[in-house]
Amino acid sequence: MQSKRKEDAGNIWSSQIVFLESAFDFYLHELTKYGLSEMFVGNWDKTEKYCNLSVRMGVVDKALNAREDTDWFLDFVNVFFREITLVSYKSFKDQMNLLGIDVQEIADAVFYEAKSSIKTKDKLENCLEGLYNKRNIIAHQSGRRHSDAKREVITKDIVEIYIKAIEKIVEKIHELAKQKG
């Protein structure tokens, strides 16, 4: 397909970027619900960011009336984070700090290369920001750059690089989360 129907191949690769980012965002939201719930019930250490979450009085009323039932807490977390995209580097870093998961440990596990002059944290940031920006160009600008309206080139190689990186990031996060409980 990539040699005969380049535009079709490009559309498929672009959709894979959008799906990858979407799946990663969903994973981070689910991890957040799980991690905060584990902190709430005492299975994970509570982080400073957890202790400083803002809760509306309506949620407090619901919690006080629920007694032993903790479903209100999951509802609170869902509402609190539902409109937040967690896949930009800043959001990702904030979320890992909220959950008490070391971003440097993730970066080292995924991006360490002997004799590289680029810090692993910078590589993690470049990867997440690159994927985030590509997804936004595809989803919000029909795959076109603002500067000249030309289509951003998405290739099979680019997609494969991002898929492998996100897989490794998720595997490391999962490993670190399992160690917490």
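The largest nonpolar core in this predicted model has 47 residues. Inside that core, the residues with the most contacts are Leu36, Phe92, Met96, Ile169 and Ile173. At least two core residues come from each of H1, H3, H4, H5, H6, H7 and H8. The biggest contribution is from H1, which gives 10 residues.

Take Ile173 as a case. Which residues does Ile173 touch, leaving out those up to four places away in sequence? They are Tyr27, Leu28, Leu31, Phe92, Met96, Ile101 and Ile106. Two of these, Phe92 and Met96, are also on the list of residues with the most contacts in the core.

Next, helix H7. H7 runs over residues 120-141, which is 22 residues. From first C-alpha to last, H7 reaches 31 Å, close to the expected 32 Å at 1.5 Å a residue. The buried residues in H7 include Lys123, Leu124, Cys127, Leu128 and Leu131. Further along H7, Lys134, Asn136, Ile137 and Ile138 are buried too. As a general point, an α-helix has 3.6 residues a turn, so residues three or four places apart point the same way.

What covers the buried part of H7? The cover includes H1, H5, H6 and H8. Just after H7 comes Ser142, with a positive phi of about 55°.

Last, confidence. The protein chain averages a pLDDT of 92, and 98% of the residues score at least 70. Helix H3, residues 57-66, has the lowest confidence, with a mean of 86. The highest is in helix H6, residues 103-111, at 98.

Terms used: Residues numbered from 1 in each chain as written. Predicted model: local features only at pLDDT ≥ 70, side-chain atom pairs only at ≥ 80, totals over all residues. Heavy atoms only, no water. pLDDT = per-residue confidence, 0-100. Helix = DSSP H or I, 4+ residues; strand = E, 2+ residues; numbered from the N terminus. Expected span 1.5 Å × (residues − 1). Buried < 20%, exposed > 50% of the residue type's maximum accessible area, 1.4 Å probe, protein only. Contact = heavy atoms within 4.5 Å. Core = buried A, V, L, I, M, F, W, Y, C linked by side-chain atoms within 4.5 Å.
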